[in-house]
Amino acid sequence: MIYPFKEIERRWQEIWEEGKIFNAKPDPVRKKYYLLEMFPYPSGRIHMGHVRNYTIGDVASRFKMMQGFNVLHPMGFDAFGQPAENAAIKNKSHPAAWTINCINQMRKELKAMGFSYDWEREVSTCLPEYYRWNQWIFLKMFEKGLAYKKAAVVNWCPDCETTLANEEVIEGKCWRCKKEVIQKELEQWFIKITEYKERLLEDLDKLKDWPERVLTMQRNWLGKSQGVEIYFKEKETGEVIPVFTTRQDTIFGATYIVLAPEHPFVRKIIKGLPREKEILKFIDKVSKETSLERTAAGLKKEGVFTGRYAVNPVNNEVMPIWVADYVLMEYGTGAIMAVPAHDQRDFLFAKEHKLPMRIVIRPAGQNLKSAEELTGAYEGAGTQVNSGEFDGLDNQEAKSRIAEWMEKTGTGKITVNWRLRDWLISRQRYWGTPIPVIYCDKCGIVGVPYENLPVELPEDVRFTGKGGSPLNQVKEFVNAKCPKCNAAARRETDTMATFIDSSWYFLRFCSPKFREGPFDKKEAAYWMTVDQYIGGIEHAVLHLLYSRFFTKFLKDLGLLDFNEPFQRLLTQGMVLKDGEVMSKSRGNTVDPDAIISRYGADTLRLFILFAAPPETELEWDEKGIEGAFRFLNRVWRIRENLAEKADMDLARTMHKTIKKVTEDIREFKFNTAIAAIMEFVNAIYQSAADREVFSRLIIMLAPVAPHFCEELWHGLGNKESVFKAAWPEYDPALLVEDQVTVVVQVNGKVRAKIEVPSDIRDEKLRELALGDEKVISWMQGKSPKNCIIVPRKLVNIVV
């Protein structure tokens with residue numbers, strides 16, 4: 001008989017919702033547990049990546065609930081963003097209508113999976129009751145000088161007259177009109193996240209339960225490095241070109257200077273030169289490439305000679321100034337000293353353009369005399385050569401000696417450099433949080449008064465994809481009064497980046513209906529920090545960094561009493577099919593609805609959890625789904641043949657299983673926990689389960705297959721939900737076997753097997769082994785030289 005999953009799942013979802021059994025309230029008596037998965041962008045349909053992420057979280061949430069924790073497990077929607085606006089243009093609809101329809105669809109599908117969310121805490125970031133607090137936080141940052149405006153370069157489509165995100169620029173062209181994209185300088189809003197850089201770096205050491213890979217990515221993004229800023233000078237004008245390096249030990253090996261194409265000095269020094277047009281054309285070409293494309297290993301690095309020269313301050317050598325794609329303005333000063341003998345990118349570039357090289361660090365045990373001998377840059381440690389007074393020094397010692405010497409002579413200064421830059425939050429779009437400032441000719445930039453928040457998005461807007469932000473065309477929105485002098489003024493039409501929305505949503509979940517602030521301090525003090533956060537590795541840098549920054553800022557406002565928002569982090573792996581990540585473009589997606597319709601949500605959950613550990617990639621396997629379905633039906637049939645009392649062997653197996661499953665679920669080793677449950681089911685079929693054994697099986701399986709187990713639980717006559725039942729404890733005494741089989745060897749060969757008590761002492765085990773009749777015959781009257789004992793497993797007698 002196949003269990004009736006459609007009827008069961010529909011009924012229990014209704015019962016859970018009506019009973020509000022997953023609704024959370026602060027309870028000072030119980031220990032809290034806040035579990036959160038990264039909330040989704042409402043694209044309209046859930047995919048297998050969602051299913052995996054949220055199933056992992058749901059198992060942990062239900063497990064903690066059954067262990068007696070007061071669990072908060074909320075869900076919402078990261079609902080602002082460019083796709084909704086693009087869909088509105090394509091479908092001639094409104095982003096709000098499109099987004100709300102998508103949210104309704106996703107909510108329905110998430111409920112069909114049986115996830116244990118407290119839906120009364122649902123938030124959608126596109127609603128005014130949420131984004132008013134984005135504006136409130138922005139104004140607090142503005143007051144403290146952390147939100148400011150400055151000119152910045154953006155991707156600009158002249159045909160559509162709008163800015164484009166990097167992902168909307170495809171091979172240098174606008175995704176919509178296919179015309180060339182240019183770089184344009186616009187006044188943009190920034191958040192001064194760099195003010196928090198030291199705290200963001202130092203506090204990473206406190207995150208003991210984060211994956212090391214994520215911590216490394218965060219450290220690299222912050223990019224703190226100690227080195228020297230060296231003052232090269234342009235030969236003709238004497239103008240200083242500062243260069244930051246962490247390899248001051250190689251300064252005597254510098255043979256040319258490279259500037260980033262965006263460096264402001266470039267246009268200055270090429271003005272009026274014969275090659276000016278050629279260089280500007282190169283700059284324009286590079287401007288259409290992403291930073292990843294420009295710095296990717298293995299790709300040919302391109303550049304042009306400016307026709308100008310710089311002077312190396314340590315030896316007064318004259319060297320050419322080049323412009324190249326592999327140097328970025330975002331790091332250091334946007335200029336590098338090229339040392340081709342000791343930097344691989346410089347080596348490849350120098351080889352390509354026939355530029356000179358000089359060895360200044362000789363590896364131990366080698367006698368490199370000429371750079372021509374090099375087949376690649378030597379980037380390791382060694383002894384200084386061709387380095388003036390520093391010759392013969394170990395290069396690590398030379399680093400500090402050269403740095404001190406440069407400071408003393410005024411040719412450079414010891415400095416710390418950071419990769420982190422201030423956060424650009426302006427978007428020339430409609431579907432985002434309006435930036436709450438007003439421009440007054442008399443008073444300048446004025447923040448909207450708090451009592452006038454939220455600044456709401458107007459509904460009557462035309463979406464054409466051209467002419468910049470659609471808000472520019474809404475006079476009723478743009479025209480405003482200055483809050484200070486009441487004169488005619490203009491409202492900001494830029495909206496905020498959607499990362500703002502997701503940088504504090506975990507706090508709003510603590511009190512989603514609170515109207516006096518972004519969250520209730522008392523509720524946040526009870527629920528925070530998030531005990532377990534789950535999401536994709538693709539969010540390991542920016543989302544987590546911004547969330548950590550917001551938390552520190554809100555602490556500085558006195559709203560929080562902790563520094564870090566997420567205690568423990570798990571980054572789940574991708575779902576693959578035929579070896580590739582599932583995606584619509586590849587045509588290899590599997591519709592969760594179709595699987596639920598055919599096998600049920602519990603079968604899908606079981607497969608997702610059993611197929612691979614959470615952190616690794618999961619390969620979709622239709623046979624695996626069928627196997628999961630067969631297993632649930634096998635468990636279903638146990639109820640038909642319950643015994644009066646289970647035997648002792650099965651009781652011992654049960655307690656071993658409880659221990660294994662408890663430990664594995666606690667550590668998110670769901671696949672091995674399920675494997676242990678499957679072995680337990682095999683043991684039941686070889687014996688017979690009584691009511692107690694079957695009840696424990698149901699409880700252990702319940703976090704994985706919740707609807708299925710609720711039905712079995714109530715079939716045993718229980719009135720309360722299985723998730724109100726206490727998680728079973730194991731009896732340590734029943735984990736110990738009464739008897740064990742010990743192998744006895746003579747000179748390394750098996751000669752006998754003996755049954756002994758499991759807690760036998762070594763002396764007694766030796767006595768029994770030597771007294772065994774088979775062993776005595778094989779020893780042939782010889783005395784043992786040695787007796788090697790592996791407790792409870794092996795005795796090896798050496799004669």
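Predicted model: local features only at pLDDT ≥ 70, side-chain atom pairs only at ≥ 80, totals over all residues.

Colleague: How many aromatic pairs does the structure hold?

Modeller: There are 49 (Phe, Tyr or Trp rings, Trp by its six-membered ring, with centres within 6.5 Å; planes under 30 degrees apart are stacked, over 60 edge-to-face, the rest tilted). Take Tyr-3 and Phe-708: their ring centres are 4.9 Å apart with planes at 75°, so that pair is edge-to-face.

Colleague: Where in the chain do those two sit?

Modeller: Far apart: Tyr-3 is in the segment before α1 (5–19) and Phe-708 in helix α23 (residues 706–715), 705 residues away (helices are DSSP runs of H or I, at least four residues, numbered from the N terminus).

Colleague: Is Tyr-3 buried or exposed?

Modeller: Buried, at 1% relative accessibility (buried is under 20% relative accessible area with a 1.4 Å probe, protein chains only). Phe-708 is buried too, at 0%.

Colleague: Which cluster holds them?

Modeller: Ring pairs join Tyr-3 and Phe-708 with Phe-5, Tyr-599, Phe-629 and Trp-636.

Colleague: New topic: which residue lies over the face of Trp-156?

Modeller: Lys-184, at 4.0 Å from the ring centre (Lys NZ or Arg CZ within 6 Å of the centre and within 35 degrees of the ring normal). Likewise, Arg-62 lies over Phe-723, at 4.5 Å.

Notes. Residues numbered from 1 in each chain as written. Heavy atoms only, no water. Buried < 20%, exposed > 50% of the residue type's maximum accessible area, 1.4 Å probe, protein only.
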